[in-house]
Amino acid sequence: MKKNRVQFLLFVYDNTQKLYRKYFKKKKRQWAFSQQQLLDFEEDTLGRKLGEFYKKHGFTMIPKMENHDVHHLLTDCGTRFEEEVAMQFLLLGNGKMNAHLLASIFLGSLILPEYFKIYMQAYKKGKCMRSFYYWDFEKLLSHNFENIRDFVYQKQTPVFY
């Protein structure tokens with residue numbers, strides 16, 4: 001039964017992804033690096049880690065969606081469908097808000113409700129992290145991955161004057 005529900009969600013995703021990129025990512029440009037070029041970055045850089053992520057999972061870069069894959073690296077969210085939904089909850093907790101994210105959360109919760117506890121944990125995790133959902137990670141590809149990750153996990157504390 002779960003397999004059918006996931007197949008339905010994949011069908012919806014496949015049929016909306018191009019529309020999402022067309023209408024929500026209008027002004028965003030595709031990264032200037034290929035997957036092979038990412039593997040040419042120095043070891044321990046974000047670029048190299050991302051190239052290794054693609055290679056390990058057998059994924060290809062989707063134009064204008066590269067930041068999403070960096071989010072997987074930074075947050076340790078997996079790539080199974082329920083983990084993709086959990087990442088949307090994490091991004092909501094991190095401050096991201098758009099129609100595609102809300103639709104993903106709604107459908108994921110409706111069709112895979114058995115993971116709701118995991119979704120809420122992801123939401124809380126996103127609340128505890130520095131806001132990163134809007135960063136242009138292409139500019140950070142040559143930076144040390146662990147330093148970026150450590151920075152993201154340090155929640156900003158309010159300063160009272």
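Me: Hi! Where is Gln-30 found?
Reply: Hello! This is a predicted model, and in it Gln-30 is found in the loop between α1 and α2.

Me: Is Gln-30 buried, partly exposed or exposed?
Reply: Gln-30 is partly exposed, because its relative accessible area is 47%, and partly exposed covers the range between under 20% for buried and over 50% for exposed.

Me: How far is Gln-30 from Ala-86?
Reply: Their C-alpha atoms are separated by 25 Å. Along the chain, Gln-30 and Ala-86 are 56 residues apart.

Me: Okay, what about Gln-7, where is its place?
Reply: Gln-7 sits in helix α1. With 43% relative accessibility, Gln-7 counts as partly exposed.

Me: And what separates Gln-7 from Phe-81?
Reply: Between the C-alpha atoms of Gln-7 and Phe-81 there are 9.6 Å, and along the chain the two are 74 residues apart.

Me: Let's change topic. How many salt bridges does a search of the whole structure find?
Reply: The search finds seven salt bridges. As background, side chains of opposite charge can pair when their charged atoms come close.

Me: Which residue forms a salt bridge with Arg-5?
Reply: That is Glu-114, and the closest N and O atoms of the pair are 2.9 Å apart. Glu-114 lies in the loop between α6 (99-111) and α7 (116-128), while Arg-5 lies in helix α1 (residues 2-24), so the pair ties together parts that are 109 residues apart in sequence.

Me: Is Glu-114 buried, partly exposed or exposed?
Reply: Glu-114 is partly exposed, since its relative accessible area is 42%.

Me: What does Glu-52 meet in a salt bridge?
Reply: The side chain of Glu-52 meets that of Arg-48, at 3.6 Å from N to O. Both are in helix α3, and because they are four residues apart there, about one helical turn separates them. Glu-52 counts as partly exposed at 35% relative accessibility.

Me: Which residue pairs with Asp-136 in a salt bridge?
Reply: Lys-139 does, with 3.9 Å from N to O between the side chains. Asp-136 counts as partly exposed at 31% relative accessibility, whereas Lys-139 counts as exposed at 65%.

Me: Which residues are linked in a network of salt bridges?
Reply: Arg-80, Glu-82 and Glu-83 are linked that way.

Me: Now the surface. Which residues gather in a patch of negative charge?
Reply: The patch on the surface brings together Glu-43, Asp-44, Glu-146 and Asp-150.

Me: Where does Asp-44 lie?
Reply: You can find Asp-44 in the loop between α2 (35-39) and α3 (46-57). Asp-44 counts as partly exposed because its relative accessibility is 39%.

Me: Switching to backbone angles, what is the phi of Lys-64?
Reply: Lys-64 has a positive phi of about 75°, although it is not a glycine. Lys-64 is in the loop between α3 and α4 (66-75), and counts as partly exposed at 22% relative accessibility.

Me: And what is the phi of Asp-76?
Reply: For Asp-76 the phi is positive too, about 65°, and this residue is not a glycine either. Look for Asp-76 in the loop between α4 and α5 (81-93). Asp-76 counts as exposed, because its relative accessibility is 57%.

Me: What about Asn-94, buried or exposed?
Reply: Asn-94 counts as buried, because its relative accessibility is 3%. Its place is in the loop between α5 and α6.

Me: How far apart are Asn-94 and His-71?
Reply: Their C-alpha atoms are separated by 11 Å, and the two residues are 23 apart along the chain.

Me: Last one! Which residues does UniProt list for "transmembrane region"?
Reply: An unreviewed UniProt entry lists residues 97-116 under that name.

Me: How much of residues 97-116 is helix?
Reply: In the predicted model, that span is 70% helix and 0% strand. The end C-alpha atoms of the span lie 19 Å apart.

Methods
Residues are numbered from 1 along each chain as its sequence is written. This is a predicted model: local features need pLDDT of at least 70, side-chain atom pairs count only at pLDDT 80 or more; totals for chains, interfaces and linings use all residues. Side-chain values use heavy atoms; hydrogens and water are left out. Patches are made of residues with over 30% relative accessible area and no salt bridge: like charges are joined within 9 Å, nonpolar side chains (Val, Leu, Ile, Met, Phe, Trp, Tyr) within 5 Å. Accessible areas come from the Shrake-Rupley method with a 1.4 Å probe; for residues, only the protein chains shown count as cover. A salt bridge is a side-chain nitrogen of Lys or Arg within 4 Å of a carboxyl oxygen of Asp or Glu. Lys and Arg count as positive and Asp and Glu as negative; His and the chain ends are not counted. The place of a charge is taken as NZ of Lys, CZ of Arg, CG of Asp or CD of Glu. Helices (H or I, at least four residues) and strands (E, at least two) are DSSP runs, numbered from the N terminus. Buried means under 20% relative accessible area, exposed over 50%, partly exposed in between (1.4 Å probe, protein chains only). UniProt positions are given in the numbering used here, feature names are shortened, and annotations may be inferred rather than shown by experiment.
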